[in-house]
Amino acid sequence: MILARATDVSRRYGAVLALDHLDLDVHAGELVGLLGPNGAGKSTLVNLLTGVRRPSTGRVELCGGDPRDPATRRVLGVTPQETGLPSALRVGEVVDFVRAHFPDPLGKRELLARFGLEELERRQTGGLSGGQKRRVAVALAFAGRPRIVFLDEPTTGLDVAARHALWDGVRAFHADGGTVVLTSHYLEEVEALASRVVVIDGGRVLADDTVAAVRGLVAIRRVSVTAAVPMPDLPGVVGTEREGDRTHLLTPDADRLVRDLIARDVPFRDLEVRPTSLEEAFLTLTA
Ligand SMILES: Nc1ncnc2c1ncn2[C@@H]1O[C@H](COP(=O)(O)OP(=O)(O)OP(=O)(O)O)[C@@H](O)[C@H]1O
């Protein structure tokens with residue numbers, strides 16, 4: 001069953017074409033990561049699918065209905081990139097306020113526990129740190145037992161422990177059959193949570209596949225060596241990074257590169273060859 005669908009969707013802001021004839025289907029039970037550089041169109045796509053904005057052309061559907069229809073939106077949970085919380089209210093009061101809008105909300109204790117927020121229940125939201133506010137805002141998306149949740153960069157600005165607490169909450173929802181669409185700049189986050197990755201740039205879908213397949217699509221390897229001399233120009237190198245004496249070379253053919261290093265008599269040590277991270281695959285795809 002398809003819970004969210006964009007069909008041939010374009011969205012224009014004046015001269016800017018934010019989405020360009022984009023198609024996307026999200027099936028029930030999926031956890032989809034939308035990945036792309038700044039300005040790729042990720043937030044615009046989330047805003048259209050959650051009924052915040054309308055497409056210029058094309059069609060969007062949420063659970064078979066119009067995302068702008070209040071009845072359809074009942075099944076929806078959203079954390080936009082920026083959220084405001086009423087500063088004088090305590091966390092527990094905000095949670096109750098949001099829960100009161102839904103016919104069958106998640107229990108307050110359960111919601112707070114899922115996102116590791118029990119200790120903040122009696123704190124006024126105005127006194128929370130930025131990261132604590134963010135965690136509360138993300139947890140609120142789950143208050144109404146939604147069928148589908150959209151999280152726009154949910155863990156931006158969070159430290160590692162807070163990020164992991166939040167991931168646990170998202171995973172628990174997904175394990176119960178919930179559907180999640182998340183945008184993220186943390187590739188680690190997409191790798192940690194999502195099985196399906198949709199790479200977006202210039203308002204179009206560049207790749208839509210499993211994390212492993214998106215990596216395999218470019219099949220770039222990272223060859224790292226330490227050498228006191230400058231690296232010669234070598235064929236097949238698509239990217240180079242240097243950290244002091246250590247050089248990382250990105251190449252689709254690691255075997256050939258290592259043979260070339262030896263043939264050129266480069267005095268290297270500490271050779272390391274590893275598969276590319278999703279980040280490198282992504283940079284190659286969007287280059
Ligand atoms: N309200 C708006 N008015 C004008 N232009 C906009 C508006 N919202 C988005 N855009 C433009 O549309 C393009 C896509 O923006 P969008 O926010 O969807 O990208 P994004 O992938 O979410 O980026 P980021 O990762 O930086 O949040 C950008 O060029 C942006 O400047």
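Leu31, Gly33 and Leu35 point one way from strand S3, while Val32 and Leu34 point the other way, and all are buried. Buried means that 20 or more other C-beta atoms lie within 10 Å of the residue's own; exposed means 12 or fewer, partly exposed is in between, and C-beta atoms are placed from the backbone. In a regular strand the side chains alternate between the two faces of the sheet. Five of the five residues of S3 (residues 31-35) are buried, so S3 is largely enclosed by the rest of the structure.

The model is predicted: local features need pLDDT of at least 70, side-chain atom pairs count only at pLDDT 80 or more, and totals for chains, interfaces and linings use all residues. Residues are numbered from 1 along each chain as its sequence is written. Strands (E, at least two residues) are DSSP runs, numbered from the N terminus.

**Pairing of S3**

Two strands pair if DSSP finds at least two bridges between them. S3 runs parallel to strand S7 (residues 179-184), joined by five bridges. Leucine 35 has serine 184 as its bridge partner in S7. Four bridges link S3 with strand S8 (residues 196-201), also in the parallel sense. There, glycine 33 stands opposite valine 197.

**Positive phi**

Which residues other than glycine have a positive phi? Aspartate 8 and histidine 21 do.

| Residue | Phi | Strand |
|---|---|---|
| Histidine 21 | about 50 degrees | S2 (residues 16-27) |

Aspartate 8 is exposed because it has 11 other C-beta atoms within 10 Å. Histidine 21 has 15 such neighbours inside 10 Å, so histidine 21 counts as partly exposed.
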